[in-house]
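Dear colleague,

I am passing on the structure that we spoke about, and I would be glad if you could read the notes below with the coordinates open beside them. They begin with the sheet and then turn to the helices.

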Amino acid sequence: MNPRYDVVSIFPEYLQPLELSLIGKARRAGLLELTIRDLREFTTDRHRTVDDTPYGGGAGMVMKAEPWAQALEAIQPSEAEDPEARPVLVVPSPAGEVFTQRTAEDFAREEHIVFACGRYEGIDERVLEWAADRFRVRPVSLGDYVLNGGEVAVMAMVEATARLLPGVIGNPESLIEESHADGLLEYPVYTKPSVWRDRPVPEVLLSGNHAAIARARRDWQLERTSRRRPDLIKDLPEDALDRRDRTLLDEWAREREQDDTV
Ligand code: ADE
């Protein structure tokens, strides 16, 4: 079964980029189903109101519960006894769990995901509680910064998820070697000419020695990750590093310590 994604937003036109490029092509090829819905269609008043002032005071506006309930019921009319039978409801929010490549992999295994784009200060919290009978509710953050609404976050999440679906990426090999696939950053890449503005590509890449190339790339991955994202090295499972990996990391750590002391 091809997965189905529903996005609800008060700015459906904001999601237009999802019609383009790889994701648009995948939609047209029937690899995934994506429906963008306007939250205002689920309002009943003349002004199509979606927000109101927060109880308890404070800055900004809060999204009203009823339009959200109407929209979510239209998408998922029934409750489900078995939580596994419920679709996922992703609520983008800076107060959510952080979205990573692992989250994208989780999402790529789901049959149906509904994305609820909040604006203003967020959605009335009771919607998330009420929705738990028919969805597996997941507040998800793109990172530790604040956007104006969930739309940009949903575009990032849909793209990161959809490209993992079978058939979406022409060459699935490229998914195996890219950044974060194995918990490390990707190695640097080079193309022709072999010397550009006096800068040669690393010699090993021209050697035709596949084992040497694989090892050099692994070294570069480790070097780059330990320098730019030491947190990722700490999070690696015990068996992810071989002896040479550990030797190199120890060496670089000693060098950095020395640099720090001079
Ligand atoms: N909405 C506002 N900020 C956000 C963030 N950092 N991640 C996801 N959704 C958001």
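Two strands are taken to pair if DSSP finds at least two bridges between them. Please keep in mind throughout that this is a predicted model.

On that criterion there is an open sheet of 5 strands in the order E2-E1-E6-E5-E7, with parallel pairing. Strand E2 (33-38) and strand E7 (136-141) stand at the edges with a single partner strand each, so one side of each is left without a neighbour in the sheet. On average, and with direction ignored, neighbouring strands of this sheet are turned by 30° against each other.

Going through the pairs, strand E1 (residues 4-9) runs parallel to E2 and is joined to it by 6 bridges, with valine 8 standing opposite arginine 37 in E2. E1 also pairs with E6 in the parallel sense, over 5 bridges, and here arginine 4 stands opposite histidine 112 in E6. E5 and E6, which run parallel as well, are joined by 3 bridges, and leucine 89 stands opposite valine 114 in E6.

E6 deserves a separate look, since it is mostly covered, with 5 of its 5 residues buried. His112, Val114 and Ala116 point one way from the strand while Ile113 and Phe115 point the other way, and all are buried.

Which helices pack on the sheet, and which strands do they touch? Helix H2 (residues 65-75) touches E1, E2, strand E5 (88-98) and strand E6 (112-116), and its direction makes about 165° with that of E1. Helix H3 (residues 101-108) touches E1, E5, E6 and E7, and its direction makes about 150° with that of E7.

For H2, the buried residues are Pro67, Trp68, Ala69, Ala71, Leu72 and Ile75.

The contact is made by Ala104, Phe107 and Ala108 of H3 and by Met157, Ala160 and Thr161 of H5; by class, it has 5 nonpolar residues, 1 polar residue and no charged residues.

On the H7 side the contact is made by Arg215, Arg218, Asp219, Leu222, Glu223, Ser226 and Arg227, and on the H9 side by Arg244, Asp245, Leu248, Leu249, Trp252 and Arg256. How do these residues divide by class, and how many are charged? The contact of H7 with H9 has 4 nonpolar, 1 polar and 8 charged residues, whereas the contact of H3 with H5 has no charged residues.

With best wishes

Technical notes: Residues numbered from 1 in each chain as written. Predicted model: local features only at pLDDT ≥ 70, side-chain atom pairs only at ≥ 80, totals over all residues. Heavy atoms only, no water. Helix = DSSP H or I, 4+ residues; strand = E, 2+ residues; numbered from the N terminus. Axes fitted to C-alpha atoms, helices over the stretch in contact; angles between N-to-C directions. Contact = heavy atoms within 4.5 Å. Nonpolar A, V, L, I, M, F, W, Y, C, P; charged D, E, K, R; others polar. Buried < 20%, exposed > 50% of the residue type's maximum accessible area, 1.4 Å probe, protein only.
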